Amino acid sequence: MSNDPIALTEALASFNALWSPRIVTRVNDYDVRVAKVEGEHLWHAHDDTDEFFLVLDGDLHISLREPEGERTVHLPRGSLFTVPRGTEHKPHAPTGAALLLFEPTGTPTVGDRHDPVPSHVDATIGHTLDL
């Protein structure tokens with residue numbers, strides 16, 4: 001990882017794959033990832049960690065399955081939200097969005113429990129960008 005400043009616009013411009021987060025830096029034992037998203041992701045849950053979303057551009061919706069029932073949060077540009085560990089959730093961005101994600105190094109992008117993974121979704125732990 002570089003110890004130089006990182007321009008998020010350049011990081012986002014360096015790839016086109018949707019739902020395929022790229023690691024831009026690390027903070028202690030956490031990855032800072034950027035992602036381009038459009039359409040629907042899949043229902044999934046991270047059993048041992050929260051998942052942090054910051055919308056850099058566009059709009060993101062996150063459907064949640066909570067003990068009280070299902071709900072959807074809307075995150076316009078500049079908004080952030082943390083999905084609590086163990087909560088099933090499904091991000092979707094009808095018109096596209098650019099995100100910054102913060103999660104423990106090694107966290108799979110589709111969590112520990114998930115629906116079948118479609119071919120357009122990256123199920124790995126993220127790719128490191130060479131900036």
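Select phenylalanine 102 to begin: with a relative accessible area of 30%, this residue is partly exposed. The model on your screen is predicted, and the residue numbers count from 1 along the chain as its sequence is written.

**Stop 1: the aromatic rings**

Phenylalanine 52 belongs to strand β4 (residues 51-66) and phenylalanine 102 to strand β7, so the pair ties together parts that are 50 residues apart in sequence. Phenylalanine 52 has 22% relative accessibility and therefore counts as partly exposed.

How many aromatic pairs are there by this rule? The count is two. For the other pair, select tyrosine 30 with phenylalanine 102: the ring centres are 5.0 Å apart and the planes are at 5 degrees, so this pair is stacked. Tyrosine 30 is in strand β2 (residues 30-40) and phenylalanine 102 is in strand β7, 72 residues apart, and the pair links these distant parts of the chain. Tyrosine 30 is partly exposed because its relative accessibility is 33%. Show Tyr30, Phe52 and Phe102 together, and you have one aromatic cluster.

**Stop 2: the strands around tyrosine 30**

Stay with tyrosine 30 and display the strands. Tyrosine 30 stands opposite proline 104 in β7, and β2 pairs with β7 in the antiparallel sense over 10 bridges. Valine 27 also stands opposite tyrosine 30 of β2. Strand β1 (residues 22-27) runs antiparallel to β2 and is joined to it by five bridges. Now select the turn of the hairpin that β1 and β2 form: two residues lie between the strands, and asparagine 28 in the turn has a positive phi of about 55 degrees.

**Stop 3: the nonpolar cores**

Select Val37, Phe53, Leu60, Ile62, Leu75, Phe81 and Leu99. These are the residues with the most contacts inside the largest nonpolar core, which has 16 residues. At least two residues of this core come from each of β2, β4, β5 (69-76), β6 (80-83) and β7. Which strand gives the largest share of this core? Strand β4 does, with five residues.

Centre the view on leucine 60. Leaving aside neighbours within four places in sequence, its contacts include Val37, Phe53, Leu75 and Leu99, and also Val55, Val73 and Pro91. Then select Ala11, Val24, Ala98 and Leu100, which are among the eight residues of a second, separate core.

**Stop 4: lysine 90**

Go to lysine 90, in strand β7 (residues 88-104). Is this lysine buried or exposed? Lysine 90 counts as buried because its relative accessibility is 16%, and buried means under 20%. Not counting residues up to four places away in sequence, lysine 90 touches Glu40, His41, Leu42, Trp43, His61, Ile62 and Ser63.

**Stop 5: charges over rings**

Show tryptophan 43 with arginine 65: the charged end of the arginine sits over the tryptophan ring, 3.7 Å from its centre. Last, select lysine 36 and phenylalanine 15. Lysine 36 lies over the face of phenylalanine 15, at 5.3 Å from the ring centre.

Terms used. This is a predicted model: local features need pLDDT of at least 70, side-chain atom pairs count only at pLDDT 80 or more; totals for chains, interfaces and linings use all residues. Side-chain values use heavy atoms; hydrogens and water are left out. Helices (H or I, at least four residues) and strands (E, at least two) are DSSP runs, numbered from the N terminus. Buried means under 20% relative accessible area, exposed over 50%, partly exposed in between (1.4 Å probe, protein chains only). Contact means heavy atoms within 4.5 Å. Rings of Phe, Tyr and Trp (its six-membered ring) pair if their centres lie within 6.5 Å; planes under 30 degrees apart count as stacked, over 60 as edge-to-face and the rest as tilted. A charge sits over a ring if NZ of Lys or CZ of Arg is within 6 Å of the ring centre and within 35 degrees of the ring normal. A nonpolar core is a set of buried Ala, Val, Leu, Ile, Met, Phe, Trp, Tyr and Cys residues joined through side-chain atoms within 4.5 Å. Two strands pair if DSSP finds at least two bridges between them.
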